[in-house]
Each structure stands twice: as C-alpha cells, then as structure tokens.
Amino acid sequence: MLAMDQGVVEEWLSEFKTLPDNAVSTYAASLKDKGALVPALYKVMRENYSDLLEPVCHQLFEFYRSGEPQLQRFTLQFLPELLWSLLSVSAARDPHTSGCIEALLLGIYNLEIVDKDGQSKILSFTVPSLSKPSVYHEPSAIGSIALTEGALANHGLSRVVYSGPHLQRETFTAQNRFEVLTFLLLCYNAALSYMTSTSLQSLCQLSSRVCICGYPRQQIRRYKGISTRLTVTSEFLVQLITGIHYAVCNGEVELGSKALDDVLYRAQLELFPEALLVGNAIKSSLHGAALKSNSKEGARSIQVEITPTSSRISRNAVTSLSIRGHRWKRHESQEVSVDSEAAAGGVAIPEISVTGVSGERMANGDSLRPRPDGRAQSDCDPLGATSEVSLDPRGHDSGTRGQEVRRQKSVRRMVENEGSGSASTGRSQY
C-alpha cells in the first residue's frame, strides 16, 4: 500500500472522531467528493494483514450505526469486497485475519433485523399476479390465460411472502454463515441504485470467484486465487443474480455477463432450481437487448417492458354496434348485387339450404318457408302467387333456377302494371 493512500485513510479515520453530531449530515454529503478515499479503502480490505483494516472496519460500523442514510450507503458499497474477504479467508482456514470483518458484517446484520424500537422486523414481499402488469412482466407477452373458475377466483388477489423474524447472531458458524450473508446481500440489493460502478464491478467479481473456484472453469477464467471450492446456497445465488442483473443494465455488460454465466454454471452443477429459473429468465430477457455498454453515468435503471399508453382495445373488437354495421353492409351488398345482375341481364342464383332448415333467405331478400310437400314458399310473393323452389340442391340445374327467377320478375311486373293502371283510371275519373 502506498504511503499516499495510507495518509488518505488515516485522515479519514481522524475526521469522523472529532465531528459534532449536528455536522454528520454535511459530512456524509461531502464524502462523495473525496475521490481518492474509496480506492484507498479497497486496497486496505484486499490486504488482509494491513494494520489499518481493523480501524477501517470499526469506522464503517460507526457509519452504519449512526442511522444517516448516506453513511449507511457508503458502508454498503464495500459489502461485496468484505464478503469475498471473509469467504476467501474461511476457505484458507485462517480465521485470525478475518475477525474484524466478521464483527462488521455481524454488526450490520444485527442492526438490520430490528426496527428503531428494537423489535424484530418481518419483511413482506408481494408476488406479482400474472394477470396484471408489473415491472417484471407484461400480460400481453405471456399470451391468453384460460379463464377458469380458479383463475377468476384468484383474479386481483395478491400473494404476500413474509421473511422473518431473524435471529440475532454473535458469531459465524458453518450453519448460519450463508443465512447471514444472504440477508446482507438483500440489504445491498435494496440500495443498488446508489451503488457506484466500482461496487458493481466488485459484486460481479465476487459472483464469478465464488462460483468457479475449485472447478474446471477457473482455468478458463485464468483466475489464480484460491482453488478451494466454496459452499453456496440457492438463496445466496439468487441474490447475486439480482445484483448482476442491475450491473449488466448499467454499464457493466461484459463483466456482468461473465458473472451471470458463472452463476448459472454453478447452479447447474449444484442443481439449484431457484437460481436456474431466475438466472435463465434474466439471461433470456437480456438476449438481443440494447444495453448501455458505454454509458456508466446518468440515471440507474433496469430494462423491462412497460405498458403502452395507447388504448389496448382492438379496432376489430366485436361489439353490438359492429354487428349491426356488419348486417347493414351485408344487406346493402346483397341489394347491389341483385340490381347489377338484373341490369346486366344475368341470373341471380338463390341460396339453397342443404340441411333443410326453415327460414332460409334468397338472394333477393325474400325468405323461404317450407311446405308439407317439400317445397318452399316466398313470404313476399305478391297476389298470393307461390314461388316454388325445391329444397334439395341436387334437383335443380341452372335452367330451372333461371325459369324461376324470370317467373318471379314477370309476376312483379304484372303487379306494377296493375298498380299503375288503377292509378291512371282514378285520375281520369276524377
């Protein structure tokens, strides 16, 4: 460690000790302007035998215990590096060099599992319903959902999952190590939007190292660190994937993609269904997406499909108005076709029922009623004249249809002539 970095850290350690209580907020806001401080603290943490490691861990715990949100986020940004230091030292079976790191992590954990009154927290998480849009899915992209009785009964109901109460921990054991570390990653993921690029890179490196150490992929990645296999749990990998997803969408495309592949590689070896489900879902959603590979500054976000602002009602939706309009258009087209055929001297072919169902409609708008002798009578036949058309389509040829149509037209002309004759006679009498 360089003397300049050591001087920056020592100055930072002395500042907070002499700080009055009313100046904590101002001091917390000024930490982001200390550009050389964060890299110097990372160097201290990566040197397990550094003399500054213990006072640094103590200072970070005081930051977190102060309750100032900016100071707490300043401490959380070093969490991935602290987790890797703890796990690597545990794998090397050298617990004497990780005592201060264990104390810091356990202190943060014990502060987070209780509220301001000292009561145990019970965290609640609402599982999104597939029938309603959320930041993770869009119902239109899933397809049609069967409207079964069970689906209708559960429509609008939200499923809430609870976590806690969590037990206080005084030391790390093989049984509770990953329970504590998973909860700490949950707290870290809750503040992802405030994390720096250096912190996100550290998270991706932690994910890759934890998952490939001691496996053949370590040779592919050319990582020359520890070669001991580290025990992991499915819940721990799920929290890693959550942070990796955010890192990939906010400038760490290459490093985050490698970390996601390494986590899926370990999940396949361990047969962890939860990690495989979440990891493959995120990998599929990122496939072909335009990620912000060059822009590491600006607003923090993750890429999801959002609900469009335009109306979702289709223009071809079937409504009562559209049904009436469709009927009018059909009747108008039938009348126009009959008039055009008559003007051209053509023959209008009536529609003939194959099944013999009553109430069939002919092309000229008249309906046919079946008679006992198997023939059909037109409702609109004037002067009681009967228009006989056989209901059996096989008994009709084109000549028969033409004769029937001509006969109907002649009857109509007779009626029109009689009506005009009577009207002229009335006028002459008058």
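## Asp-5 in helix 1

Asp-5 touches Ala-40 and Lys-43, leaving aside residues up to four places away in sequence. This is a predicted model. Asp-5 is found in helix 1, which covers residues 3–17. Its relative accessibility is 8%, so Asp-5 counts as buried, the cut-off being under 20% relative accessible area.

## Helix 4 against helix 5

Two packed helices are described by the angle between their axes and by the distance between those axes. Helix 4 spans residues 53–65 and helix 5 spans residues 69–76. They pack at an angle of about 140°, and their axes are 7 Å apart. Helix 4 is therefore oblique to helix 5, since only angles over 145 degrees count as roughly antiparallel. The crossing of these two helices is left-handed.

Helix 4 contributes Leu-60, Phe-63 and Tyr-64 to the contact. On the helix 5 side, these meet Leu-71, Gln-72, Phe-74, Thr-75 and Leu-76. By class, the residues of this contact are six nonpolar, two polar and no charged.

## Aromatic pairs and a ring cluster

The count of aromatic pairs comes to 11. One of them is Phe-16 with Phe-63, an edge-to-face pair. Their ring centres are 4.8 Å apart, with 70° between the planes. The pair links distant parts of the chain. Phe-16 sits in helix 1 and Phe-63 in helix 4, 47 residues apart. Phe-16 is buried because its relative accessible area is 16%. Phe-63 is buried too, with a value of 0%.

Tyr-215 and Tyr-265 also form an edge-to-face pair. Here the distance is 6.4 Å centre to centre, and the planes are 90° apart. Tyr-215 lies in the loop between helix 11 (197–212) and helix 12 (217–221), and Tyr-265 lies in helix 14, so this pair ties together parts that are 50 residues apart in sequence. Both Tyr-215 and Tyr-265 are buried.

Ring pairs also build a cluster. Its members are Trp-12, Phe-16, Tyr-27, Tyr-42, Phe-63, Phe-74 and Phe-78.

Most residues other than glycine have a negative phi. Leu-271 has a positive one, near 55°. Leu-271 is found in the loop between helix 14 (253–270) and helix 15. With a relative accessible area of 66%, Leu-271 is exposed, as the cut-off for that class is over 50%.

## Helix 13 against helix 15

Helix 13 runs over residues 234–248 and helix 15 over residues 273–286. They pack at an angle of about 15°, and 8 Å separates their axes. Helix 13 is therefore roughly parallel to helix 15, because the angle falls under 35 degrees. Helix 13 passes helix 15 in a left-handed crossing.

Six residues of helix 13 take part: Ser-234, Leu-237, Val-238, Ile-241, His-245 and Val-248. They meet Glu-274, Ala-275, Val-278, Gly-279, Ile-282 and Leu-286 in helix 15. By class, this contact has eight nonpolar, three polar and one charged residues.

Notes. Residues are numbered from 1 along each chain as its sequence is written. This is a predicted model: local features need pLDDT of at least 70, side-chain atom pairs count only at pLDDT 80 or more; totals for chains, interfaces and linings use all residues. Side-chain values use heavy atoms; hydrogens and water are left out. Axes are lines fitted to C-alpha atoms, for helices over the stretch in contact, and angles run from 0 to 180 degrees between N-to-C directions. Helices (H or I, at least four residues) and strands (E, at least two) are DSSP runs, numbered from the N terminus. Angles under 35 degrees count as roughly parallel, over 145 as roughly antiparallel, 65 to 115 as roughly perpendicular and the rest as oblique. A crossing is left-handed if the near helix is turned anticlockwise from the far one by less than a right angle, and right-handed if clockwise. Contact means heavy atoms within 4.5 Å. Ala, Val, Leu, Ile, Met, Phe, Trp, Tyr, Cys and Pro count as nonpolar, Asp, Glu, Lys and Arg as charged, and the others, Gly among them, as polar. Buried means under 20% relative accessible area, exposed over 50%, partly exposed in between (1.4 Å probe, protein chains only). Rings of Phe, Tyr and Trp (its six-membered ring) pair if their centres lie within 6.5 Å; planes under 30 degrees apart count as stacked, over 60 as edge-to-face and the rest as tilted.
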